[in-house]
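Here is a friendly briefing to read alongside your viewer. Keep the sequence and the model open as you go.

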Amino acid sequence: MSAPRWARALLRLCVPEPRLEDVLGDLDEMHHRRLAAGNRVSAWVGTSAEAVAVAAAFLRYRWRDRDRGAFLPSLPEFRLALRLARRQPVLNVTAVLALATGLGLSTGAFTLMGAFLFPTVPLPAGDRLVRFMAAPSPDDQRGRMSRARFAALKRDASVLEYLGAYRDGTLNILGEDDVEPVRGVYLSADAFRVLGYGPILGRTLLPGDALAGAPPVVVLRESLWIRRFGGDPDVLGRVLDLGGTSRQVVGVLPDDAGFPNTPDIWMPLGTDALGAEGTEGGAVAGIGLWGFLRPGATPETATARIEALSVGYEQATDGALPLRFRVVPFTMVPQGGLMQALLAGMLSVIVAVLLVIAANVGNLVSARTAARRGELAVRTALGASRGRLVVQLFLEVLVLGAVAAVVAWGGTRSAMGWIARSVDEMPFWVDFTPGPGSLTFLAASTLLACVVAGVLPALRATSDHVGATLRATAWGGGALGRGGAAMAILQVAASVALLGTALVAVRGLDGYARAKVDVPTERILTTGFWVGGRGADSAGTLLQRVEEATARIPGVRSVGVASALPRIDPPAPPVVVESAPGAPEGEARPAPVVQARPGFLEALGAGAVMGRLLAPEDLVPGAPRVAVVNESFVRKFLGGGNPLGRRIRSADPRTDEAGPPLWREIVGVVPDLGLSVGDPELAAGYYVPMDDAAWVYMALHVSGDAVRFTDPLRRAVAEVAPDLILTRVHTLDRAGQENVTALGMIAAGLTVLGGMTLLLSLASTYALVAFTVSRRVREIGVRVALGASGGNVVRSVVGRASLHLAAGGALGMALGAVLLQLKSGLFVFRVPSGDPWVLPLVAALMVAAGAAASWIPALRALRISPVEALRSE
Amino acid sequence: MGKQGLGEFELLVLLAVLRLGNDQAHAVSIVDEIRARTGRDARRSAVYVTLQRLEAKGLVSTRMGEPTPERGGKGRRLVRIEPEGLAAVRATQEALRNMWGDLAPLRPADR
């Protein structure tokens with residue numbers, strides 16, 4: 001029983017040749033002693049630990065005392081590595097692409113993770129920037145703040161260097177001939193003293209701007225200034241109508257300034273914004289508190305101090321609300337723990353993918369190195385140590401890795417730039433630019449990948465045990481030894497499963513994107529806006545005023561508001577149809593329901609197939625409860641019978657109240673209007689009069705080019721409701737585009753990953769079979785000489801490879817089936833399930849491609865002439 | 001002798017070689033000797049590199065012994081002290097004795 005093989009291999013690598021025999025002998029001797037004294041496990045552990053210590057000691061000695069050159073590659077070795085990289089372009093390009101994919105993905109994930117979880121706040125003392133999180137209070141008064149309480153906190157909170165307040169100020173700029181919604185903020189006017197933002201033009205806000213009676217002012221952000229005023233320096237002094245309030249422009253801040261919510265405009269938070277002086281009852285909602293901690297203070301100490309101050313304030317003040325706050329870092333992400341876990345999980349999966357890729361590249365490198373056995377033998381004979389050869393082989397992989405890292409860095413930078421551009425409404429402190437941290441991560445992962453892809457095959461290639469090398473590097477062994485076969489199978493399985501799922505997703509996406517909604521989408525302009533927080537009555541009145549003003553725009557045929565648009569899937573609670581009197585109720589089945597106001601169905605261009613559409617009197621409180629169903633609903637729920645007069649009710653357990661069931665009478669039927677695009681099973685749905693809505697969509701049916709109605713729409717709405725912010729104004733055919741984009745990205749990601757795995761599987765299959773053939777030239781020659789048939793030879797070469805391909809294909813089909821089962825959770829819409837052929841097809845293609853990849857070297861084996869073979873060794 | 005003098009561990013190794021006798025000293029026996037006499041947890045890894053360093057300084061010389069089965073058919077490197085090594089040990093002994101001089105023996109409380 002001799003010492004563990006790996007321990008001896010390690011010592012062979014690190015101990016200089018003259019000392020090696022002695023050291024290895026001692027290792028065996030000590031291992032025997034340990035075996036005699038204890039059990040095998042403890043002997044194995046002890047000997048392994050000792051081997052590591054001895055190896056480290058020799059390395060340290062060589063590094064410190066002399067022989068530094070043994071580790072540092074020489075210039076000619078670098079040149080050789082570069083020259084070799086230019087040879088075998090196909091192998092090298094495959095390796096570089098594979099490594100670049102893995103490195104790019106992991107660096108991207110790392111950058112994303114850092115941007116959210118370990119951000120650098122771009123402010124002086126940004127690491128001490130905090131905000132107050134209101135704890136829930138009994139009657140939900142959270143976030144309400146009075147002037148007296150704020151003043152008390154600001155005066156007494158000694159843990160804070162500064163305390164400020166802000167309130168969202170998103171509103172419309174009402175121009176002479178256009179209306180532009182901009183994001184804005186009302187901010188404590190003394191905040192700029194601590195934020196350190198310097199204006200490009202004019203000045204920032206000053207404490208005087210917030211005093212009662214001060215002229216209303218506004219500070220613009222650079223991008224708005226350029227977009228709206230063409231960067232005109234004479235903008236100072238101009239007066240803007242902001243949601244009905246005239247404000248004078250007093251300054252422009254650079255785009256780098258983004259506190260607190262990346263606003264386009266900053267306005268002073270007037271002292272009157274916090275309620276009347278001295279009264280607690282005038283506390284206003286929606287106020288956020290923020291500040292800078294004093295050096296040395298922590299969010300915890302600040303929370304405790306604010307808690308004590310709040311208690312004191314409430315005891316001393318009549319009618320004060322019981323408010324509690326938690327002081328947290330300004331950048332704290334809600335559910336940060338969950339997000340951290342998710343991101344860390346994602347990163348570790350991607351790093352695992354990187355390592356699998358590296359191991360594959362290792363297989364390729366093994367195959368390449370095998371062809372250079374002669375060269376390595378000559379170098380050994382000329383006195384090169386094993387360590388030197390390993391360094392040389394590692395260098396060659398490092399050249400590939402360096403190229404891959406450059407490609408990955410470029411890719412990561414442009415991908416992050418693309419993400420930053422396409423995702424708006426990001427917090428001002430989120431910076432997607434890959435920085436020095438990402439670069440370090442990339443360097444470390446490149447090194448790690450090169451160690452896996454370069455050092456392991458190099459150790460094997462320079463091992464003394466030629467027999468072991470042969471066995472280990474044949475198909476199924478690979479750079480990772482016995483685990484290689486399992487890895488090869490898993491890899492084939494992963495590519496089949498990923499590509500199969502991607503194909504199904506793409507088909508589903510295609511179905512969604514192509515699904516025809518029988519509505520003249522290009523002549524319908526839509527927009528979404530928020531009317532919540534006003535109470536149902538005033539929201540209804542507001543919507544009516546908005547509808548009336550919009551309908552007056554010349555060219556608008558009809559206008560209506562609803563809770564969802566075609567292509568934007570509404571909720572689909574279960575619904576029950578009333579059977580004939582005395583008969584049992586039908587089964588509750590899900591059906592999408594849209595709350596709509598009169599005019600909405602008309603705006604979609606729909607006419608009543610039977611009965612009537614929704615009418616203004618349906619909205620009157622106490623009016624009979626009615627519903628308009630679509631034709632699919634009649635077929636699915638009513639068996640095609642006459643629906644008029646039949647009754648339905650929602651059976652949603654979440655909204656069901658105690659009491660008699662609330663039935664709705666069907667008063668009309670409309671054609672199918674794209675209630676649930678992409679999911680034919682949810683096509684049957686109905687419309688009810690809108691009684692309460694927070695987020696609504698408005699549809700305008702116009703004559704002519706709908707896009708031209710954007711500005712008139714904004715102006716008309718601004719006239720009756722200057723504070724209403726219209727978002728996503730576009731034609732109906734672009735509604736739901738966000739879904740398509742997101743799903744497209746998922747499908748593209750799956751395709752890239754699956755394709756990469758496929759390419760790698762094929763490349764390593766080819767490389768390993770080719771390698772096996774090159775090692776077995778002599779044997780094959782002898783077999784052919786002894787009369788073996790071509791079929792026999794080919795079978796012996798590709799036999800194991802085919803076995804692994806088939807096993808991987810089968811496993812991949814099973815994995816893919818599981819993935820598709822999970823699809824409903826994965827995709828927003830339902831993907832067609834009637835594609836039983838997709839997975840077997842992908843598996844068959846994969847196996848065929850693998851077989852083809854192993855066939856080429858197998859054919860080469862057949863061409864080996866016995867004479868040549870016997871001469872070759 | 002070496003102009004820089006001997007390190008403490010080098011001295012221990014040389015003394016162990018002297019005690020074990022020429023051709024009886026090798027890495028394993030040196031470790032055992034140091035452990036037995038000083039109670040210190042000497043590492044074989046440290047002994048290897050110390051021997052290599054001492055050999056490079058010309059204080060010891062080594063040769064390979066006969067292979068044995070329990071060593072997997074490998075011989076061991078036997079250590080012999082050279083005159084320069086002996087001189088270095090003497091010089092170190094002298095230096096220590098002079099430094100010690102008439103200092104009273106240290107009791108534990110003085111530490």
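Predicted model: local features only at pLDDT ≥ 70, side-chain atom pairs only at ≥ 80, totals over all residues.

Residues are numbered from 1 along each chain as its sequence is written, chains are lettered from A and ligands numbered from 1 in the order in which they are written, and side-chain values use heavy atoms, with hydrogens and water left out.

**Confidence**

- The model scores ipTM 0.86 and pTM 0.64.
- Among the elements of chain B, the highest mean pLDDT, 93, belongs to helix H1 (residues 8–20) of chain B, and the lowest, 90, to helix H4 (residues 83–100) of chain B.

**Chain A as a whole**

- Chain A holds 25 helices and 24 strands; these are DSSP runs numbered from the N terminus, with helices being H or I of at least four residues and strands E of at least two.
- Of the 873 residues in chain A, 49% are buried. Buried means under 20% relative accessible area, exposed over 50%, and partly exposed in between, with a 1.4 Å probe and protein chains only.
- Among contacts in chain A (heavy atoms within 4.5 Å) between residues at least 6 apart in sequence, 79% join residues at least 24 apart.

**Where the chains meet**

- The contact takes 23 residues from chain A and 20 residues from chain B.
- Together the two chains bury about 2,000 Å², with 49% of it on carbon and sulfur atoms. Buried area is the accessible area (1.4 Å probe) that two parts lose on being put together, summed over both.
- Arg19(A), Asp22(A) and Tyr61(A) supply 30% of the area that chain A buries against chain B, more than any other three residues.

**Salt bridges between the chains**

- Eight salt bridges are counted between chain A and chain B. Each is a side-chain nitrogen of Lys or Arg within 4 Å of a carboxyl oxygen of Asp or Glu.
- One of them pairs Arg19(A) with Glu55(B), at 2.2 Å from N to O. This pair crosses from helix H2 (residues 17–37) of chain A to helix H3 (residues 44–56) of chain B.
- Arg19(A) is buried, with a relative accessible area of 10%, whereas Glu55(B) is partly exposed at 25%.
- Glu29(A) and Arg76(B) form a salt bridge whose closest N and O atoms are 2.7 Å apart. Both belong to a network of salt bridges that also links Asp22(A), Asp26(A) and Arg71(B).

**Salt bridges within chain A**

- Asp178(A) and Arg228(A) meet in a salt bridge at 3.0 Å, N to O. Asp178(A) lies in the loop between strands S3 (171–174) and S4 (179–182) of chain A and Arg228(A) in helix H8 (residues 222–229) of chain A, so the pair ties together parts that are 50 residues apart in sequence.
- Arg203(A) and Asp209(A) also meet in a salt bridge, at 2.8 Å from N to O. Arg203(A) is partly exposed at 26% relative accessibility, while Asp209(A) is buried at 12%.

- Trp44(A) sits in helix H3 of chain A and is partly exposed, with a relative accessible area of 45%.

Terms used. pLDDT = per-residue confidence, 0-100.
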